[in-house]
Protein chains: 2
Amino acid sequence: MSTNAESPASTTREWQLAARPVGWPKNDDFRFVERELPDLQPGEVRVRNTYISVDPYMRGRMNDVKSYIPPFQLDEAMTGGAVGEVVASRSDDLAVGDTVLHFDGWRTLAQGPAKNYRKVSKVPGLPESVFLHVLGMTGLTAYVGLLDIAEFKEGDTVFVSGAAGAVGSVVGQIARLKGAKRVIGSAGSQEKVDLLTGKYGFDAAFNYKDGDVREQLAQAAPEGIDVYFDNVGGDHLEAALKAFNNDGRAALCGMISVYNATEPQPAPRNLFETIKKGLTLRGFTVGGYYHRFDAFAAEVGEWLSKGDFVYDETVVDGIEQTRDAFLDMLRGANVGKMLVRVG
Amino acid sequence: MSTNAESPASTTREWQLAARPVGWPKNDDFRFVERELPDLQPGEVRVRNTYISVDPYMRGRMNDVKSYIPPFQLDEAMTGGAVGEVVASRSDDLAVGDTVLHFDGWRTLAQGPAKNYRKVSKVPGLPESVFLHVLGMTGLTAYVGLLDIAEFKEGDTVFVSGAAGAVGSVVGQIARLKGAKRVIGSAGSQEKVDLLTGKYGFDAAFNYKDGDVREQLAQAAPEGIDVYFDNVGGDHLEAALKAFNNDGRAALCGMISVYNATEPQPAPRNLFETIKKGLTLRGFTVGGYYHRFDAFAAEVGEWLSKGDFVYDETVVDGIEQTRDAFLDMLRGANVGKMLVRVG
């Protein structure tokens with residue numbers, strides 16, 4: 001058993017939710033505080049966070065609405081994916097120095113029962129931040145959504161919206177590596193579009209701000225699409241419904257277009273296409289698919305180690321920047337996974 | 001070989017599409033004409049129609065839009081399900097007196113290659129009109145939609161919109177006979193609501209004109225729903241998304257709420273529920289599922305013969321009434337299957 005009475009630090013700095021945002025979050029909806037941690041109890045560990053994840057779904061947790069995960073509590077530290085190093089342990093399961101993946105983000109020091117912290121093995125040559133995206137939950141989300149939910153099969157033409165994002169860029173690469181006929185992505189800037197067709201190996205990509213999404217998708221997919229991986233909703237889903245071939249399948253993963261709306265947003269106006277074409281639209285969250293983690297990590301880990309699979313990170317330095325990093329991510333300022341390096 | 005040189009009649013009376021309706025069809029979008037049939041050619045049969053089907057999907061065929069079946073042609077007789085009796089035959093496959101199911105509706109006399117006419121065996125005690133609904137395509141639509149598309153399983157709570165219609169009333173009864181926990185239906189009049197809970201054995205039903213569909217469904221399904229069979233779209237689909245339990249499944253069969261709209265209609269505003277709850281929305285048309293006909297006919301035929309399964313017909317007399325019967329059906333005037341008896 002590894003214990004460590006003189007832990008190197010016991011003051012955590014953390015981001016709390018001060019008020020529930022209405023529409024676009026304001027700066028004073030958040031509060032940055034210092035807090036003294038209680039003494040470590042038997043079975044607990046203390047973790048110094050190295051990387052913190054900021055993700056679109058967190059916006060939903062700021063509302064007081066029952067969802068697939070509970071809302072953030074006011075005046076408490078927010079939570080989310082993080083990776084860190086064990087700095088003190090009163091548990092047999094984890095030792096000082098272990099790298100762990102966990103859900104106590106938005107803070108410098110995390111502390112709690114060892115069972116909440118999953119020990120991971122660093123991949124040689126890769127930073128531990130990969131466990132927060134390509135080899136973590138976002139990678140698993142892409143893998144499950146494409147293969148299990150949309151039932152991708154070799155020869156399919158695949159359209160991914162928000163394709164330069166953390167999930168989308170993984171979806172496109174898995175589709176390519178598994179034999180898609182054609183992979184098409186949408187993104188919100190020319191820089192991202194270039195990344196998609198350059199670095200990530202998409203066959204075609206377009207900037208949705210350049211014009212009507214339906215028209216741009218029709219040009220990029222002259223023979224229609226078989227699979228749609230939806231990170232955006234709204235006009236993108238409408239365009240996909242129009243472009244679908246018969247028996248098409250959509251994995252509905254995110255709808256970033258509606259997260260900050262204060263009123264319910266109309267969905268696609270052409271849902272009747274689902275009947276005409278025998279389409280399947282299937283929503284999911286990754287929570288029900290952790291049992292697929294080992295298959296996913298083995299397959300994607302091998303591609304990563306062989307250099308077949310690439311990724312981008314947008315890393316912001318300093319825990320003080322977490323709020324702004326989160327808001328910038330919602331605005332689409334990131335390329336690939338948006339992360340905060342705690343330092 | 002059965003031939004019949006002196007056929008009893010060679011003048012058909014038929015409904016043609018005179019103009020493509022914009023919005024709600026006008027009377028003079030249709031034309032009722034008499035036409036002399038050509039002589040019967042080798043391999044052909046002539047059929048005197050006894051019952052003609054009018055169905056919601058026909059409205060879509062009046063538009064010049066590519067859909068899952070081609071549009072009606074202007075200045076030609078419209079088509080659709082019909083049952084009739086062979087009155088002349090130059091085919092070895094069909095004899096005078098045979099009862100046949102076919103697609104040359106909207107007319108008194110049909111004529112063409114024998115392969116277009118399927119011989120059916122009358123069920124003792126039942127009129128031949130059943131082949132146009134419970135033992136025909138609408139029954140198969142209900143069966144496939146509930147079992148194959150929505151993947152109904154014993155113990156599910158099922159919601160059916162347009163439940164007093166030709167498809168909906170079959171869906172509810174199959175669900176009940178296969179062990180649903182609770183079957184809920186919506187309809188557009190108190191008379192239909194009473195039919196649902198009385199004659200068809202639904203556990204609960206409501207009149208969607210009485211108030212907000214979401215609220216009425218929430219009251220009728222306090223523990224949520226697992227399966228939704230959608231004949232309506234719009235507010236009903238929105239209500240179902242809200243009422244769904246996790247892993248719910250919707251069969252999207254029809255969207256009568258949007259058929260006469262001249263502009264694309266916004267779909268449900270809460271499509272994000274599909275992600276939160278892991279819902280599957282699956283559209284279908286029966287055309288891809290004819291291979292299920294035998295299983296369907298055996299199962300439903302046995303229920304019918306034992307009296308476990310009931311149906312309603314709204315029968316309008318006279319081929320001249322076909323247009324009005326069609327429009328009345330779109331307005332919801334029918335109870336159960338809307339038919340025209342040719343006489």
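Predicted model: local features only at pLDDT ≥ 70, side-chain atom pairs only at ≥ 80, totals over all residues.
Two packed helices are described by the angle between their axes and the distance between the axes. Take H2(B) and H3(B), which span residues 137-149 and 168-177: their axes come within 8 Å and cross at roughly 50°. The two helices are therefore oblique to each other, and the crossing is right-handed. On the H2(B) side the contact is built from Gly139(B), Ala142(B), Tyr143(B) and Leu146(B), while H3(B) brings in Val170(B), Val171(B), Ile174(B) and Ala175(B). Sorted by type, that gives seven nonpolar residues, one polar and no charged.

The other pair is H5(B), residues 213-220, with H6(B), residues 234-243; here the angle is about 40° and the axes lie 9 Å apart. H5(B) and H6(B) are therefore oblique too, with a right-handed crossing. From H5(B), Val213(B), Arg214(B) and Leu217(B) meet a set of H6(B) residues made up of Asp235(B), His236(B), Glu238(B), Ala239(B), Ala240(B), Lys242(B) and Ala243(B).

Now for the empty space. Rolling a probe the size of a water molecule over the atoms shows where such space is left. The count comes to one cavity of 30 Å³ or more, and the largest cavity holds about 40 Å³. Its lining consists of His133(B), Val134(B), Ala166(B), Ser169(B), Tyr200(B), Tyr311(B), Asp312(B), Gly336(B) and Lys337(B). These lining residues split into four nonpolar, three polar and two charged.

Key: Residues numbered from 1 in each chain as written. Chains lettered and ligands numbered in written order. Heavy atoms only, no water. Axes fitted to C-alpha atoms, helices over the stretch in contact; angles between N-to-C directions. Helix = DSSP H or I, 4+ residues; strand = E, 2+ residues; numbered from the N terminus. Parallel < 35°, antiparallel > 145°, perpendicular 65-115°, else oblique. Left-handed = near helix turned anticlockwise from the far one by under 90°. Contact = heavy atoms within 4.5 Å. 1 Å grid on protein atoms, 1.4 Å probe; cavity = no way out; pocket = protein on both sides within 12 Å on 5 of 7 lines; lining within 4 Å. Points joined across faces, edges and corners; volume = space filled by probe spheres on them. Nonpolar A, V, L, I, M, F, W, Y, C, P; charged D, E, K, R; others polar.
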